[in-house]
Each structure stands twice: as C-alpha cells, then as structure tokens.
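Here is a friendly walk through one protein model, taken a piece at a time. Please keep the viewer open as you read.

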Amino acid sequence: MARTGQQLRQRTAKAMAQPRGAAGPVQGRAARAARSGLGDRLRYGFDNSMSRGTPALIMWLCVATVALIVVFTLLVTVLGLRGGGDGGFFRELIQSLFHALDPGTVAGDGESPWRFLLTMLALTVGGLFIVSALIGVIAAGIDTKLADLRRGRSIVLEKDHTVILGWSDSIFTIVRELTIANESRRRPVVVVLADRDKVEMEEDLRAKVDDLRGTRVICRSGSPMDLDDLALSSHPTARSVILLAPEASEDPDSEVIKTLLALTHAGPDGPRIVAEIRNPTNLEAARLVGAERTVLLDIRETVAKLVVQTSRQSGAAAVYTELFDYDGDEIYFLEDHRLDGATYADAQLAFERASVIGLIAGGVPALNPRPDTVIGGHTLIVVAEDDSALRGEPDATERPVLELLGTAVADEERPTQALLIGWNERAAIVLRELDHYAPPGSTLTVLTSFQLPGVPGLRNLAVTAVAGPTTDRATLEQHVVDGLDQVIVLCYSDDLEPQAADARTLVTLLHVRDILSRFDTATPVVSEMLDDRNRVLAQVAHVDDVVVSGEIVSLLVTQLSEDPRLELVFGQLLGNEGSEIYLRPAEWYVQPGAEVSFATIIAGATRRNETAIGYKSVALAEAGASFGVRVNPAKSETFRVLPGDRVVVLADD
C-alpha cells in the first residue's frame, strides 16, 4: 500500500508538472485522430472550396443535382417502379433530370403506378430546393458582380489616354477642355481615378459636362496614393497624367507629393505629369520627387499674377482666357515651316490664320524677339485656332500699307493710385507683383473686413491698410474715389466658404461699379471668383475683368498636360520678366480714323519692336463681343480705328 501510494503521488506530481492545457499521450493521440479524421478533412476541403465564391456554390449545387437524379434513376430502374416497359438507364436518367428541373413533368405521369408517382414527386420536391438554391446563388453572384463593376475596381485597358488623379471642382473645366483638345484624335479616352463613388462621379460629370465631343470618360474608385488603386488607371501607358490638389484635404500638397512618389517609384520613364501645388513652400519637395517629367503649377502664384496682369488694363482677361482655353485660339509650336531664311518681322506676316509670337532657340522660348532675328531652323511659337490648321508654307497675301502707320508716342509714366478690397493668401503676391509695374511714388489702399494684413516691404508702392466692412456703401464711398487707376476685389477664401466668399464679392462689385459710374474717368475693375458659376452673375455688375481662380488654373493644367513646352511660355506671359501682354492705344500703331488691315497693324507694332496678336475694338464691344477683343484675326481682316480702340501686343514694358 505504501508503494502504491508513493506511485500515485509520483503520477500526481508528474501530472501537475505538465504544462497547463497540455494533453497527455492518450489525449494527444485522440486530438490528432480527431484533427486528421475523414470528416474533418472533408469539412476542411469543403470550406476551402466555398471560399472561392459563387462558382464553387454553383459547382456544389450541380453535384447535388447530379447525385439526386442518379439516386432516383437507380431507384426506379432497380425496383421497376415505372412499370409498362423499360426505356433503359440513360433514358430514365434524362426523365429524372426533367422531373428535377420542371415540376410540371409530374403532370404527365398520370397513368403511371402510384409508387412511381410518389417517387417522382419526391424527386421533384428535392429538385425544387436545389434549383431554387441555384437560382438564388446565380442571382446573388450577378448582383455581387454588378456591385463590383459599380464600384469601379476593374483595370482600364487603354493606351495614349489622359489620366486625372483626384477630385476637385476644377475637374469639370479640365474634362471639358480635354474634350475640345481631343476632337482631332481618334477614339480619345479620359480616365478619372478618385477616392469617390464611381456612379456619383459619372453623374456629376454628365451634369456639368453635357457634350463630350466623342471623348469617352471612364471613372474608377480608389486612392491615387495607393499603388494597387493607381494601377487601375493604367497610367504607364497614358499620354499624360493630371494630378489635382484635393480641396477637401487639410494638407493637399502632402497628398500630391505622395501620389507623385507612387507615380514615379518605377523609374523616370513614363508619361508627363502635371501637378497642382497650393503652397509655394512645397514646390522644392515636389520637384525632387517629380524629376524632369513633372510640370508643377503653383496655384497661389499663378492666380495672383493673373490678377495683377489683368488689373493693369481692361480686356486683358479676355486675351488670357482666349490663349489658355481650347475654345478659340491657343498657342502651338510649328516645327516644319518654310521660313528658314526669313526674319522674325517677315514671319509675323507669313500666315493668314496664324500669328507668330516667338521662337524656340536652344530649347528656351523667346517671345517677341527683335524684328531682324533670323528664323533659321528654329521652332516657331504661334497662335492659331487648331494645330491641325497649321501649315508650314506661307499663305498670307495681304501686305501692310506703310503710309497708314501711326506716329503717336506714349506719355511719360506718372505715379498711380490703386485700391485693393479684400484679402486672402494670394494678396501678398499680388502686392509684390503690383510693385514691379508701379512707377515710384504710387499708392495702394488695402480695405479688408477681417484681420489687418501684414503688408510686405515694397519698393515703389506706398501701402495703407484699412479695416472696414467691404460690403458697406458708406465705407466704400470713402475709398472708391475719382482718379483711381485700378480697383482689385479679392475674395475672402481664407475666412469664408466659397459660395459665401463669392456672394460678398458680388455685393462689393455692385457697390463699386455704381460708385465709379458717377465719375468721368473709366477705372478698370478686376475681381476674383472661386466658383465659375458666379462669373455670369458678376457680369451683371459690368465688371471689366473677372478672374475665376479654379477656372484659370484648370485651363492652364489642361494646356500643360497636352504640351509641357508651354510651361516656359506661360511663365513669360504671366511674369514680370521678358515680354508680356499689353493693350495699347491703336493710334500708336496706325492712323486714327483710317480703315486698316491687321497686316498694317502688325507692321506698326514691328516698328516699335512689339508683336501684335489682336485688336480691341469699341465697335466690337458694343456688338456684344468679349470686351471687344479679337485675338489672332486674319491678316486681311480690316478695322476702322476709333477713339478708345487698342492693339493687343507682346512688349517688354
């Protein structure tokens, strides 16, 4: 007994020493047997097959159907339940299949023995369950597939297409402009990849872009920053990629840079990329990522420069819009021409329907070079209605009448007086750009409803900041006075929602225009709108130029995606270095009162080392044309020079 007790205590101690939860030899073998039993293996295999989705369900239901009809066929054949002759096993198999699939087959068995009828009834009931389940599985599979297609998760199998990554209000303008640019292409495609619902994107695009002009727009749902989602757009085979700065993001530039990393991680080769950057401090980081095939558009700088350029002269916005969009005349590059021995002055008169505005020398565009510059083999920069209309052979026959050239000269510059109403993140850049063009001694008053701005140090402008409600009539009458050379109205995009900011801008414009109408002098008024739909409302206020932030940026993005060489050209047009657009009195170039051809106007501009690209006519303005501006008229088109008419030229100052 002592030894037995000792053995019992040893076993107990051994059992207690065993790790908690560990099974003994017998339990371990039992567990292994359970895990490797036939039932478990079958269950495991069935689970694996079911994980394959709808095809596996259909397969198992088909197997069940075959098993059902085979069992009942054997039962009928072996027991001789049909009676009255035997049609053979395979014939009975087909009859069983009909009974399983079609409940109405039982009605045809009225003369058969009751045992056969009951057996077929059981087969039909079993078939009803299986067929119903099969129909349900197929319907569910189709719904799932349709839902997947609705989510836009299939890869786009396209080449030479345009990819737009991200979503903002500017996408509607970009798509609309791309459809115009693609009219000369065969089966053009635009792919939109954004982190939104596919159907919602398609509905919004259909509502805002009513005419696609033969361009197919394909939407896909996914994050452009995710490599797997990005692959859905087939961006490596695209012609160009447009990367939008998301408006709803707290840090849009970070998302743009991360998407650039995803686009360029495979190497420097690939389609050209145009990316929007909202904060200029992020440009250097974006350039490091984007390398040479990426064009970066600084939204803040671009809009500010355009505000300044258009505020200096009425009608300038119509010229810039004409050059930047595809609806009308735009800038192209003509490489194959027959002007190798001609001068730049000769080239300006060479083409009837195209205006030569510069050339590319050493890969760098030069706008408005000297008239005696020899063209040689340089690529010409031209303004034309469409690139398909460009011809290298000169076709203009109109010659200038030199006797009708003007003799008037410009007046000496005097200090200017300007008023800036409103404030946002672009205002400091606007002040800096205004300072470049202002004569010494000029003044500028800043009137803002919100916090007083920190005015940067300027060289030529003396700036005075005043706080006050910019929609209050009495406050505006104190600052909108006779003798102002320009009025700029900026929106409160930093402090208000877009619609609220535009609403306040519209009210301000109505007051400003009414106050200015009491004075004899014509003061140009330039306003900034966030939403393009409010531009029509602003025209009710008879504003000279309306700069729509999102609209103009969208136009530039689209143009750059089609030809990256335009980056340097646009930089010169909007910058303060080199030649810019001016609208100057027509009597500087041709005799007032005379009826002259545009070729004669070009000759008058050439004599002043300028390039004429259009005309602003008082008569055209009264007829309802866009500020009376005609860009790139035919060389033979004639104009009667009236007081107030202006010539649109490219000039150094």
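## A strand pair to begin with

Which residue in S9 is the bridge partner of Ala361? It is Val364. This model is predicted, so please read every value here as computed from it. Ala361 lies in strand S8, which covers residues 355–361. S8 and S9 run antiparallel and are joined by four bridges.

## The sheet around that pair

S8 and S9 belong to an open sheet of four strands, ordered S7-S10-S8-S9, with antiparallel pairing. At the edges you will find strand S7 (330–334) and strand S9 (364–367), each of which pairs on one side only. On average, neighbouring strands of this sheet are turned by 30° against each other, with direction ignored. As a reminder, strands of a sheet pair through backbone hydrogen bonds, in either a parallel or an antiparallel way.

## Two residues with positive phi

Asn368 sits in the loop between S9 and strand S10 (379–384). Its phi is positive, about 55°, although Asn368 is not a glycine. Is this residue buried or exposed? Asn368 has a relative accessible area of 7%, and because the cut-off for buried is under 20%, Asn368 counts as buried.

Arg213 is another non-glycine residue with a positive phi, near 55°. Look for Arg213 in the loop between helix H8 (198–208) and strand S3 (216–221). Its relative accessibility is 34%; partly exposed covers the range between the buried limit of 20% and the exposed limit of 50%, so Arg213 counts as partly exposed.

## The second largest pocket

The second largest pocket has a volume of about 1,100 Å³. Its lining is made up of 38 residues, and those closest to the centre are Asp169, Glu247, Arg278, Pro498 and Leu530.

Which helix gives the largest share of this lining? That is H19, with five residues. Several helices each supply at least two lining residues, including helix H7 (171–181), helix H10 (252–264) and helix H12 (299–311).

## The chain as a whole

Stepping back, the protein chain holds 22 helices and 22 strands. It has 653 residues, of which 49% count as buried. Among contacts with a separation of 6 or more, 73% link residues 24 or more positions apart.

The chain exposes about 31,900 Å², and carbon and sulfur atoms supply 55% of that area.

Technical notes: Residues numbered from 1 in each chain as written. Predicted model: local features only at pLDDT ≥ 70, side-chain atom pairs only at ≥ 80, totals over all residues. Heavy atoms only, no water. Buried < 20%, exposed > 50% of the residue type's maximum accessible area, 1.4 Å probe, protein only. Contact = heavy atoms within 4.5 Å. Areas by Shrake-Rupley, 256 points an atom, 1.4 Å probe, with all protein chains shown as cover. Pairing = 2+ DSSP bridges. Axes fitted to C-alpha atoms, helices over the stretch in contact; angles between N-to-C directions. 1 Å grid on protein atoms, 1.4 Å probe; cavity = no way out; pocket = protein on both sides within 12 Å on 5 of 7 lines; lining within 4 Å. Points joined across faces, edges and corners; volume = space filled by probe spheres on them.
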